[in-house]
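Some questions and answers follow on how terms are applied to one structure. Each answer sets a value against a cut-off and then concludes.

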Amino acid sequence: MYDKWLERQLKIFFIALSLFCWETVWAQIRYSISEEQKDGSAVGNIAKDLGIDQRALQERGFRIVSTSGESLFSVNQNDGVLYVNGKIDREEVCERITPCLVNLKIALENPLEIHYVTVDITDVNDHAPKFPEQEKRLEISETVLPGARFQLQAARDPDSGTNSVQIYKLSHTDYFRIEIIDRDEDGKVPVLILQKPLDREVTKTIQLQLTALDGGRPPKSGTMDISIDVLDINDNAPLFTKDTYSVMLDENTPVGTTILRVNATDSDEGQNGEVVYSLGHNVNYKLRKLFHVNPTTGEIVVMGLLDFETKDKYQIDIQASDKGIVPLTTDKSVTIKIADVNDNAPQIEVTSFSKTVPEDSKPGTTVALISVSDLDSEINGRVLCSISENMPFKLMPSSQDNAYSLVTTSTLDRETISHYEVTLEAKDAGQPPLTSVKTITVQVSDVNDNSPEFSSSPYAFYVIENNVPGKSLFSHDTSDKDAGESGIISYQIWRVSAVENHYTSFININPENGEIYALKSFDFETLKTFQFHVLATDSGSPSLSSNVTVNVFILDQNDNVPVILYPVSANGSAEGVEEMPRNVNAGHLVTKVRAYDADIGYNGWLLFSLLEVSDHSLFSLDRYTGQIRTLRSFTETDEAQHKLVILVKDNGNVSLSATVTLIVKVVEPKEAFAASDVKNAVKDEEENNVTFYLIITLGSVSVLFIISIIVLIVMQCSKSTDCSSKYLQDMNYDGTLCHSIQYRSGDKRYMLVGPRMSIGSTLAPGSNRNTLVIPDRRRRDSGEVRDYKV
């Protein structure tokens with residue numbers, strides 16, 4: 001591919017070079033052919049006409065170098081004949097150019113020769129004239145004078161010379177003739193000339209045919225139909241079909257009612273014969289607001305309210321006009337008479353009105369003065385007035401006609417109904433009667449007749465101990481049905497006794513919103529419940545007040561660390577020493593760790609675990625009872641002394657714990673027997689003392705707690721008998737010992753408590769419940785006996 005391109009470029013270079021350096025032979029010939037020649041038709045023998053040896057044409061590279069229509073022709077290198085390449089359309093090649101010449105440049109190489117060939121493409125009549133429109137419509141008024149000219153669009157013929165449009169012919173008519181104007185670029189243009197006046201009443205439409213002919217042999221033609229509409233002139237005025245028009249109307253005729261239809265005709269045609277209707281020019285603007293004429297149908301329509309009392313007769317002019325360029329008009333008078341009817345509704349007027357009435361107004365207080373009237377006369381003007389039912393008001397007639405006073409009939413209560421919509425109705429005695437309605441709004445003004453009301457009485461609130469002093473504890477909902485100043489409430493703590501003052505010193509109240517604040521941090525172990533009173537006073541004059549009892553229950557938090565009761569050494573440290581004989585069997589009770597927690601519920605439930613033990617195979621610790629037992633018998637190789645560190649922790653969300661160290665000494669049986677007598681006596685005495693004080697402490701706490709529960713149950717006995725009252729449900733109260741379960745293990749008694757345990761519930765070891773450890777005077781060396789009580 002590249003080689004061919006390079007070879008062609010070299011040839012072009014040598015040809016250009018030869019034009020400057022070598023001797024060149026120049027010659028020019030001309031051929032003439034007609035268009036529409038078939039593909040391959042011979043134009044002429046170039047080699048023969050130029051005298052070139054046909055045998056050397058191929059060797060010398062006989063070809064067309066450049067041409068304005070190269071694609072239209074081709075040369076044969078064997079015989080030098082120029083052929084038509086495809087079908088030639090002169091109109092496509094040269095459009096309207098005459099003559100149509102195609103220039104070809106013929107080249108021969110070795111030696112180089114350049115020859116010019118001109119091909120003249122002659123036209124044939126292969127196109128017929130054609131008008132831009134197949135049909136032309138003209139409108140000519142009958143007033144147009146003879147000699148008027150109407151230029152038409154010329155027909156087009158792509159052929160040239162004599163084959164183009166030469167003449168126009170018009171079909172026979174007495175009214176028009178055709179004239180041809182010759183224009184160079186546009187060709188021959190036809191002009192239609194009027195020969196005699198037109199008369200629409202004689203001839204409404206004229207049909208003509210214009211024919212265009214070219215100069216071919218035979219000639220070709222094209223036609224265009226011409227339709228001429230003779231336009232009428234407006235020479236006839238509209239005429240009404242009746243001499244007089246009259247109508248009788250009731251004064252209550254609805255707006256939009258058609259009362260009459262006028263009719264006029266015009267002998268002209270078209271717009272000159274189309275009649276439109278309107279009110280006459282002398283009709284004033286008031287009548288134009290009352291009546292309207294449909295411009296197309298001539299219907300007279302009521303547009304405003306008619307009133308017999310204002311006017312009982314109207315004379316209006318109706319104008320009929322055609323649509324001519326210079327319209328002709330005709331006027332006709334229409335008489336409209338009005339008949340009287342009861343068309344005036346009564347009118348209600350409030351001459352004096354007190355918009356606001358105090359709620360403590362006495363019955364018979366005048367609220368408003370009312371007068372009624374009716375524009376109608378006689379029986380149509382008689383009016384009766386009444387008000388809506390079920391109202392604490394009534395109408396009292398006055399000495400004057402159609403005058404009333406609106407007075408109260410009973411006491412008012414703003415808190416029940418703050419305003420009244422009083423509907424006044426006035427009805428005349430006409431047939432049919434007409435009614436008017438008017439509504440007035442009577443506002444009931446407030447007086448201070450309602451004390452503040454608390455949403456519930458008494459209140460019960462629950463506060464977690466260790467609260468932050470100064471922080472809001474709770475708020476209560478208080479309302480006053482009165483409005484304005486009478487409904488603004490202020491609050492204070494009501495201190496009525498010295499005992500209550502002791503508790504009320506713990507709290508303070510926001511006088512504006514009733515928020516309760518703590519002045520100190522509460523301790524459940526010290527104070528579990530207290531009571532105070534809140535006094536709410538409105539700002540009315542005179543002011544009214546109410547008070548409510550507030551019961552506050554302190555909820556327990558896990559804020560007490562477990563206390564180790566045993567073992568405790570003589571010097572008070574949490575470390576004890578236990579001696580045991582070497583010959584004991586597996587399961588022997590070594591000792592029992594005793595502890596208690598001042599918290600209650602889950603926070604007081606204690607669990608025991610071994611933090612450190614010298615030999616894990618020798619001892620075990622009961623997680624719930626704190627009993628330490630042997631896992632196996634002692635051997636000769638076992639140490640004589642063992643150290644156990646016991647962790648005691650409660651079951652709070654954030655558990656607190658304490659540890660105790662126990663030293664277990666293993667002695668020979670005889671030594672153990674001697675020491676056992678002394679130790680048991682001392683231990684029994686210590687245990688009895690500790691148990692006694694623990695029972696007193698727990699008993700006091702239980703009594704106070706039971707009293708608090710009884711108070712709460714008494715206050716809520718009408719609402720719920722379940723311990724989990726609505727206050728407990730709302731506040732998620734988990735500090736109340738609703739049910740308890742006691743059981744015995746060894747020589748200790750335990751009480752498991754839960755906020756919502758049902759009667760008959762049982763607890764297995766490992767259950768997440770609250771535990772109170774209660775010492776018992778009785779000791780058991782082995783086994784557990786559990787008593788469940790609810």
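Q: How many bridges join β28 to strand β29, and what makes the two strands a pair?
A: Five bridges join β28 to β29 (residues 403-408), and the two run antiparallel. Two strands count as a pair if at least two bridges are found between them, so β28 and β29, with five bridges, are a pair. One of the bridges has L395 as the partner of L406 in β29. The model is a predicted one.

Q: Which strands form the open sheet, and in what order?
A: Four strands form an open sheet in the order β24-β26-β29-β28, with antiparallel pairing. β24 (347-353) and β28 (393-397) each have a single partner strand, so one side of each has no neighbour in the sheet, and both stand at the edges. From one strand to the next, the twist averages 30°.

Q: What makes β6 and β7 a pair, and in which sense do they run?
A: Strand β6 (residues 100-108) and β7 are joined by nine bridges in the antiparallel sense. At least two bridges are needed for a pair, so nine bridges meet that condition. C100 has I121 of β7 as its bridge partner. In the hairpin of β6 and β7, four residues lie between the strands, and N110 there takes a positive phi near 55°.

Q: Why is strand β7 described as largely enclosed?
A: Strand β7 covers residues 113-122, and eight of its 10 residues are buried, so the rest of the structure largely encloses it.

Q: How do you know that D229 and R137 form a salt bridge?
A: The side chains of D229 and R137 meet with N to O at 2.8 Å. A salt bridge needs such a nitrogen within 4 Å of a carboxyl oxygen, so 2.8 Å qualifies. A search of the whole structure finds 12 salt bridges.

Q: Are D229 and R137 buried or exposed, and what decides it?
A: D229 has a relative accessible area of 12%. Buried means under 20%, so D229 is buried. R137 has a relative accessible area of 52%. Exposed means over 50%, so R137 is exposed.

Q: What makes E179 and R149 a salt bridge?
A: Their side chains meet with N to O at 2.9 Å, and the limit is 4 Å, so the pair counts. This pair links distant parts of the chain, with E179 in strand β11 (residues 176-183) and R149 in strand β9 (residues 149-151), 30 residues apart.

Q: Why are E179 and R149 called partly exposed?
A: The relative accessible area of E179 is 25%, and that of R149 is 44%. Salt bridges that share partners join R149, R177 and E179 into one network.

Q: Why does the contact of K188 with D182 count as a salt bridge?
A: The closest N and O atoms of K188 and D182 are 3.9 Å apart. The limit is 4 Å, so the pair counts. D182 has a relative accessible area of 56%, and is exposed.

Q: Why is the pair of F291 and Y314 called edge-to-face?
A: The ring centres of F291 and Y314 are 5.6 Å apart and the planes are at 70°. Rings pair if their centres lie within 6.5 Å, and planes over 60 degrees apart count as edge-to-face, so the pair is edge-to-face. F291 is in strand β20 (residues 291-293) and Y314 in strand β22 (residues 313-322), 23 residues apart. F291, at 1% relative accessibility, counts as buried, and Y314, at 6%, also counts as buried.

Q: What makes F506 and F522 edge-to-face?
A: The centres of these rings are 6.1 Å apart and their planes are at 65°, so the pair is edge-to-face. Both F506 and F522 are buried.

Q: How do you know that D615 makes a polar contact with R632?
A: The side chains of D615 and R632 come to 3.4 Å. A polar contact requires N or O atoms within 3.5 Å, so 3.4 Å falls inside the limit. D615 lies in the loop between β45 (606-613) and β46 (619-621).

Definitions and conventions. Residues numbered from 1 in each chain as written. Predicted model: local features only at pLDDT ≥ 70, side-chain atom pairs only at ≥ 80, totals over all residues. Heavy atoms only, no water. Polar contact = N/O pair within 3.5 Å; in protein donor to acceptor, adjacent residues only side chain to side chain. Buried < 20%, exposed > 50% of the residue type's maximum accessible area, 1.4 Å probe, protein only. Axes fitted to C-alpha atoms, helices over the stretch in contact; angles between N-to-C directions. Phe/Tyr/Trp six-rings, centres within 6.5 Å; stacked < 30°, edge-to-face > 60°.
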